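Good morning, and thank you for coming. Today I would like to look at one annotated site and at the contact between two chains.

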Protein chains: 2
Amino acid sequence: MTFDPSSLKYDDKGLIPAIAQDADSGEVLMLAWMNAASVAMTLETGKVTYWSRSRQSFWIKGESSGHVQKLVDFRYDCDRDCILVTVNQMGPACHTNRRSCFYTAVRDGETVELMQPEV
Amino acid sequence: MTFDPSSLKYDDKGLIPAIAQDADSGEVLMLAWMNAASVAMTLETGKVTYWSRSRQSFWIKGESSGHVQKLVDFRYDCDRDCILVTVNQMGPACHTNRRSCFYTAVRDGETVELMQPEV
């Protein structure tokens, strides 16, 4: 069936959460948000494109940092209200220069830092 | 540092998205929502516990289906506004009886079903 970006379920701000996962390692890199137009742009260009809630503008991941995400596979969930993109990540995904944004764990009630910024 | 569930950033409904990933395979299984109390319950019990937006109640994953998620690691992201739990998933994670909720891909503009319900 032909896919229509408007067939996904967006929240009251017109946004849907999108999980980015490294296509090779399986590591979960980050979660950001897309609107219907950024879904279409991601599929058309193969460059993962979010909607920046803080800047209220399209956010072609890595456009300024060079840390682009090349789309490998685009998936959505059973409720059509969440996206999973598997990607080839150039450089670190996180703005702190860490490989993944999920670098803090909670273990035995204490926070533990799991990875350092890349140099 | 001691972790305080209230230190995470919740949206205007008091919720934070939580990604569940299979600790062994690395497969992304689902995304659901937690509030501060369900974060605390998850950490205390080791049973992943969401907040059901449709039922407006705690949702101890698998409590009725038996498809429980045993917490392996609890992580949160750089912005403190998204959670990643790695889990031991008993049975399928998806209510459709598929291993993962992300069983539909978009390839060359067409939707493709990637996995079948388990029997």
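Let us begin with a single residue. Asp77(A) has a relative accessible area of 3%, and because that value is under the 20% cut-off, Asp77(A) counts as buried. Please keep in mind that this is a predicted model.

Where does Asp77(A) lie in chain A? Its place is the loop that joins strand S5 (69-76) to strand S6 (83-89). Leaving aside residues up to four places away in sequence, Asp77(A) touches Cys82(A), and from the other chain Cys101(B) and Phe102(B).

An unreviewed UniProt entry gives the feature "binding site" at Asp77(A), Asp79(A) and Asp81(A). Of these residues, Asp81(A) is included in the lining of the largest pocket. Asp81(A) is also found in the loop between S5 and S6 of chain A.

I now turn to the interface. Chain A and chain B contribute 39 residues each to the contact. About 3100 Å² is buried between the two chains, and carbon and sulfur atoms give 59% of this area. Cys78(B), Phe102(B) and Val106(B) supply 19% of what chain B buries against chain A, more than any other three residues.

How many salt bridges are found across the interface of chain B and chain A? There are six. Asp73(A), for example, forms a salt bridge with Arg107(B), with the closest N and O atoms 2.6 Å apart.

Methods: Residues are numbered from 1 along each chain as its sequence is written. Chains are lettered from A and ligands numbered from 1 in the order in which they are written. This is a predicted model: local features need pLDDT of at least 70, side-chain atom pairs count only at pLDDT 80 or more; totals for chains, interfaces and linings use all residues. Side-chain values use heavy atoms; hydrogens and water are left out. UniProt positions are given in the numbering used here, feature names are shortened, and annotations may be inferred rather than shown by experiment. On a 1 Å grid over the protein atoms alone, a cavity is a set of points where a 1.4 Å probe fits but cannot get out, and a pocket is an open set with protein on both sides within 12 Å along at least five of seven lines; lining residues have an atom within 4 Å of a point. Helices (H or I, at least four residues) and strands (E, at least two) are DSSP runs, numbered from the N terminus. Buried means under 20% relative accessible area, exposed over 50%, partly exposed in between (1.4 Å probe, protein chains only). Contact means heavy atoms within 4.5 Å. Buried area is the accessible area (1.4 Å probe) that two parts lose on being put together, summed over both. A salt bridge is a side-chain nitrogen of Lys or Arg within 4 Å of a carboxyl oxygen of Asp or Glu.
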